[in-house]
Amino acid sequence: MKIGIVCYPTFGGSGVVATELGKALADRGHQVHFITYNQPARLDFFSANLFYHEVSVSNYPLFDYQPYELALASRMVDVVRFEKLDLLHVHYAIPHASAAFMAKQILLTYGIYIPVVTTLHGTDITLVGKDRTFKPVVTFSINKSDGVTAVSQNLRDNTYEFFEIERDIKVIPNFIDLSRFNLKAKDHFKKAIAPEGEKILIHTSNFRRVKRTEDVIKIFAKVIQKIPSKLLMVGDGGERSDCEQLCRDLGVSSNVRFLGKQDAIEEILSVGDLFLMPSLSESFGLAALEAMACKVPVISSNAGGLPELNIDGVTGYLKDVGDVDGMAEKAIYILEDEARLAQFKDNALARAKEFDLANILPQYENYYAEVLEQAKASNLL
Ligand code: GMT
């Protein structure tokens, strides 16, 4: 199959899922064409089946806001026509699904019908999509897609609740490549971070408000009163400097390391004993899945799709959003007993294996086939 993938090329979860999916599809013999404004962050190698088509946006001074969506739609038309794509898979509704609709209409004037699959990732629905500014466009472009997937049952339910959706949405969860994300021997790194054998807690995110990064610091400040420990804060974003200040205010700065954006995230996770994800909203929680694959249990909020991943009392614990005391108490409970910690670590890995790429990839391939079949049955192809 020749598949066009449209995504944000950044480190965000939707871009990571799109890129990893494209790489896996290419390994299975499909030809995959990425269409976006920058080389996707994890697409930094050569593969005969992978192509990248840049969307370049004009710098015309008349525009205060450059029309990216139009440039993207034009590029989609161009790539579908000249690469003879079978299907477009767009990740994150805004503006990818609406740009795909426009491209589809233009392609019809050339006698080409291109089926479009839209994957909803989370904030495109829960935060941005619900914004009145975007709601009509999001509703329309979901209804006009040939196929729609959501990364959790909770996100699917949310989408039906907040938009007038007239079509089916299929749940295909996030996945993990266990050949990359697994427990690695990183003893030197562990010794450098925790020379006295302290426990290591980890948080990774893009430090947006929705991640409640300040709760991470507050939880840690309580844990360290009972358990000798260190905290690694991985990633960067708007909340980082406030977090650094909070560390000073709470007197824990010397035990917290801010590592910024990191490529080899699996190596950092490999030294972890506990992962913290107190998010306000989280459609799935890919970062937590990455931690679990490296045998790190998770203390998370019970927001969104997190209960579909993190099993309370088995792979970690879930508490209400903002329940810093409850999260700290459960973190201490896991960390204070070596045998208990080892059991939680084993459970985390076992759960992560259920989201193995090998199990999830065929779900996407089958769904593409179904969408193409439907288009054929409707005489569109
Ligand atoms: O979580 C982020 O900040 C990034 C965001 C994105 O869309 O790039 O991630 C969302 O998509 C991921 C992949 O499907 C999910 O695992 C994350 O849970 C989801 N984030 C939120 O819902 C906040």
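**View A. Strand β9, helix α9 and strand β10 make a right-handed β-α-β unit.** The model is predicted, and local features need a pLDDT of at least 70, while side-chain atom pairs count only at pLDDT 80 or more and totals for chains, interfaces and linings use all residues. Residues are numbered from 1 along each chain as its sequence is written, and side-chain values rest on heavy atoms, with hydrogens and water left out. Helices (DSSP H or I, at least four residues) and strands (DSSP E, at least two residues) are numbered from the N terminus; a crossover is called right-handed if, with the strands pointing away from the viewer, the path from the first strand over the helix to the second runs clockwise. Strands β9 and β10 run parallel and are joined by 4 bridges, where two strands count as paired if DSSP finds at least two bridges between them. Within this pairing, Met233 has Phe258 of β10 as its bridge partner. In a regular strand, side chains alternate between the two faces of the sheet. In β10, Val256, Phe258 and Gly260 make up a covered face, whereas Arg257 and Leu259 make up an uncovered one.

**View B. An open sheet of 6 strands is ordered β10-β9-β8-β11-β12-β13, with parallel pairing.** The edges are held by β10 (256-260) and β13 (316-319), each of which has a single partner strand, so one side of each is left without a neighbour in the sheet. From one strand to the next the twist averages 20°, with axes taken as lines fitted to C-alpha atoms (for helices, over the stretch in contact) and angles running from 0 to 180 degrees between N-to-C directions. Helix α9 (residues 240-249) packs on the sheet, where it touches β9 (229-234) and β10, and its direction makes about 165° with that of β10; contact here means heavy atoms within 4.5 Å. Helix α11 (residues 286-293) also packs on the sheet, touching β8 (199-204), β11 (274-277) and β12, and its direction makes about 175° with that of β11. Strand β12 (residues 298-301) runs parallel to β13 and is joined to it by 4 bridges, and Ser300 has Leu318 of β13 as its bridge partner.

**View C. Strand β6 (residues 147-150) is covered on both faces.** Gly147 and Thr149 on one side, and Val148 and Ala150 on the other, are all buried, a term that stands for under 20% relative accessible area, with exposed meaning over 50% and partly exposed the range in between (1.4 Å probe, protein chains only). Strands β5 and β6 run parallel and are joined by 4 bridges, with Thr149 of β6 as the bridge partner of Thr119. Strand β7 (residues 170-171) pairs with β6 in the parallel sense over 2 bridges, and the partner of Thr149 in β7 is Lys170. With helix α6 (residues 153-162) between them in the listing, β6 and β7 make a right-handed β-α-β unit.

**View D. Helix α3 (residues 93-108) and its packing partners.** The 16 residues of α3 reach 22 Å from first to last C-alpha, close to the 22 Å expected at 1.5 Å a residue, the expected span being 1.5 Å times one less than the number of residues. The buried residues of α3, among them Ile94, His96, Ala103 and Leu107, pack against β1 (2-6), α2 (68-83), β4 (87-91), β5 (116-120), α4 (123-126) and α5 (135-144).

**View E. His91 in strand β4.** His91 is buried, with a relative accessible area of 0%. Its side chain makes a polar contact with that of His89 at 3.4 Å, a polar contact being a pair of N or O atoms within 3.5 Å, of which, within protein, one must be able to donate a hydrogen and the other to accept it, while residues adjacent in sequence count only if both atoms are side-chain atoms. Leaving aside neighbours within four places in sequence, His91 is in contact with residues including Ile5, Cys7, Ser14, His96, Thr119 and His121.

**View F. Ile193 in helix α7 (residues 187-193).** At 9% relative accessibility, Ile193 counts as buried. Not counting residues up to four places away in sequence, Ile193 touches Ile200, Lys230 and Leu232. The C-alpha atoms of Ile193 and Lys130, which are 63 residues apart along the chain, are separated by 42 Å.
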